[in-house]
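Dear colleague,

Please find below the structure that I am handing over to you. A short account of the findings follows it.

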Amino acid sequence: LSVIYLFAILFIIFTVALIFVTEDQFRVIWFYITTYIAFILLGNFSGIVVNLLSTVIILTSSYFVDLQLSQLTIVTGIFGLFIFSVLSQINTNRIIGYEDRLHEKNTILQQLATTDSLTGIMNRRYFDEVSSQYFDTAQRHRKDISLLMMDLDHFKDINDTYGHAIGDVILISFAENIKKKFSRSDIFDRVGGEEVAALHFETDIEI
């Protein structure tokens with residue numbers, strides 16, 4: 001709503017200036033500002049609408065009022081407004097594209113920072129961060145919380161006998177099978193090597 005008020009004020013100011021500031025031969029260009037702001041703040045559709053409104057205001061004012069501008073000046077101003085609208089749209093699309101790529105890269109970086117690259121489950125650093133929040137919440141609200149630690153016996157022998165590639169396959173399968181046993185509210189991570197940890201909120205030792 002505040003953006004609408006902004007454009008209403010700008011249109012009023014620029015229209016008054018168009019009609020009464022006759023000594024400025026380039027005052028039609030002032031409407032370029034509204035077009036650019038609309039594209040940047042509101043996107044392509046709003047930018048086009050504001051551009052059309054600006055064109056209508058200029059043509060209507062020139063029809064009912066002597067703006068002391070030549071026909072060529074008015075036509076050139078409107079044509080320039082159209083060109084400026086196209087350039088603003090291109091610029092806006094580029095900015096949106098940059099923002100989308102940046103968001104995508106940030107998502108990837110967030111995934112890399114919080115996920116174990118081999119098993120795809122939560123990594124140790126992120127587990128430490130989230131688990132501390134779980135423990136604080138459980139203590140504050142007097143809720144039960146359970147921590148389960150698991151590992152694969154003789155995993156070093158598997159790596160030594162069959163190679164690390166087979167060991168990786170076993171770790172991945174182990175993580176996938178264990179993860180199926182937990183709900184979405186539980187957190188599950190690889191704390192190191194063949195060791196994994198699971199944190200259950202609102203679960204007591206009897207469960």
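Tyr32 counts as buried, with a relative accessibility of 14%; buried means under 20% relative accessible area, exposed over 50% and partly exposed in between, with a 1.4 Å probe and protein chains only. Phe84, at 26%, is partly exposed.

This is a predicted model, in which local features need pLDDT of at least 70, side-chain atom pairs count only at pLDDT 80 or more, and totals for chains, interfaces and linings use all residues. Residues are numbered from 1 along each chain as its sequence is written, and side-chain values use heavy atoms, without hydrogens and water.

The structure holds 5 aromatic pairs (rings of Phe, Tyr and Trp, the last by its six-membered ring, with centres within 6.5 Å; planes under 30 degrees apart are stacked, over 60 edge-to-face, the rest tilted). Tyr32 and Phe84 form a stacked pair, 5.3 Å centre to centre with 25° between the planes. This pair links helix α2, which holds Tyr32, to helix α4, which holds Phe84, across 52 residues (helices are DSSP runs of H or I, at least four residues, numbered from the N terminus). Phe84 also pairs with Tyr36: the ring centres are 6.1 Å apart and the planes at 50°, so this pair is tilted. Tyr36 itself is partly exposed, at 37% relative accessibility. Elsewhere, ring pairs join Phe14, Trp30 and Phe31 into a cluster.

Phe31 also belongs to the largest nonpolar core, which has 17 residues (buried Ala, Val, Leu, Ile, Met, Phe, Trp, Tyr and Cys joined through side-chain atoms within 4.5 Å).

Yours sincerely

Key:
Helix = DSSP H or I, 4+ residues; strand = E, 2+ residues; numbered from the N terminus.
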